[in-house]
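Dear colleague,

Please find the structure below, handed over for your review. My notes on it follow.

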Amino acid sequence: MDSLISALSKLFTRAYEQGIADGRSQQAVDHKMIGRKDFYSEFGIKVDTFDKHYRDKAGFPKPEEDGKWYAPAVDKWLLDHQNLSD
């Protein structure tokens with residue numbers, strides 16, 4: 001009986017870890033281009049806040065020639081640069 005419990009425990013642990021790995025590999029944002037006015041609907045960032053605090057920040061993704069940003073690149077940058085307070 002102990003070996004059955006141990007085997008099931010290992011199976012569930014592997015399934016859980018695989019689920020976590022699969023979830024991390026999925027893109028959270030559609031592969032699309034967005035304009036300044038779309039930052040609020042996509043990320044909750046108002047246009048004036050975007051212009052003041054994000055647009056010219058070092059390392060922030062640059063817009064393409066059409067003036068639009070690649071949403072997944074912005075999403076990744078925001079995740080990598082979030083400030084978590086205690």
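This is a predicted model: local features need pLDDT of at least 70, side-chain atom pairs count only at pLDDT 80 or more; totals for chains, interfaces and linings use all residues.

**Surface and overall form**

Four helices and two strands are present in the chain. Their order, starting at the N terminus, is α-β-α-α-β-α. The radius of gyration is 20 Å, whereas the globule rule gives 12 Å for 86 residues; the chain is therefore more spread out than a compact globule. Along the principal axes, the C-alpha atoms occupy a box of roughly 65 × 35 × 20 Å. Of the 86 residues, 19% are buried.

With regard to contacts at a separation of 6 or more, 49% are between residues 24 or more positions apart. As to charge, the chain carries 13 positive and 15 negative charges, whose mean positions lie 3 Å apart.

**The nonpolar core**

The largest nonpolar core consists of eleven residues: Ile34, Phe39, Phe43, Ile45, Phe50, Phe60, Trp69, Ala71, Val74, Trp77 and Leu78. Two helices, H2 (39-43) and H4 (71-80), each contribute at least two residues to this core. The greatest contribution is that of H4, with four residues.

Phe60 is a member of this core. Beyond its neighbours within four places in sequence, Phe60 makes contact with Phe39, Phe50, Trp69, Val74 and Trp77, as well as with Tyr54 and Arg55.

Yours sincerely

Notes: Residues are numbered from 1 along each chain as its sequence is written. Side-chain values use heavy atoms; hydrogens and water are left out. The radius of gyration is taken over C-alpha atoms; the globule rule is 2.2 Å times the number of residues to the power 0.38. Buried means under 20% relative accessible area, exposed over 50%, partly exposed in between (1.4 Å probe, protein chains only). Contact means heavy atoms within 4.5 Å. Lys and Arg count as positive and Asp and Glu as negative; His and the chain ends are not counted. The place of a charge is taken as NZ of Lys, CZ of Arg, CG of Asp or CD of Glu. A nonpolar core is a set of buried Ala, Val, Leu, Ile, Met, Phe, Trp, Tyr and Cys residues joined through side-chain atoms within 4.5 Å.
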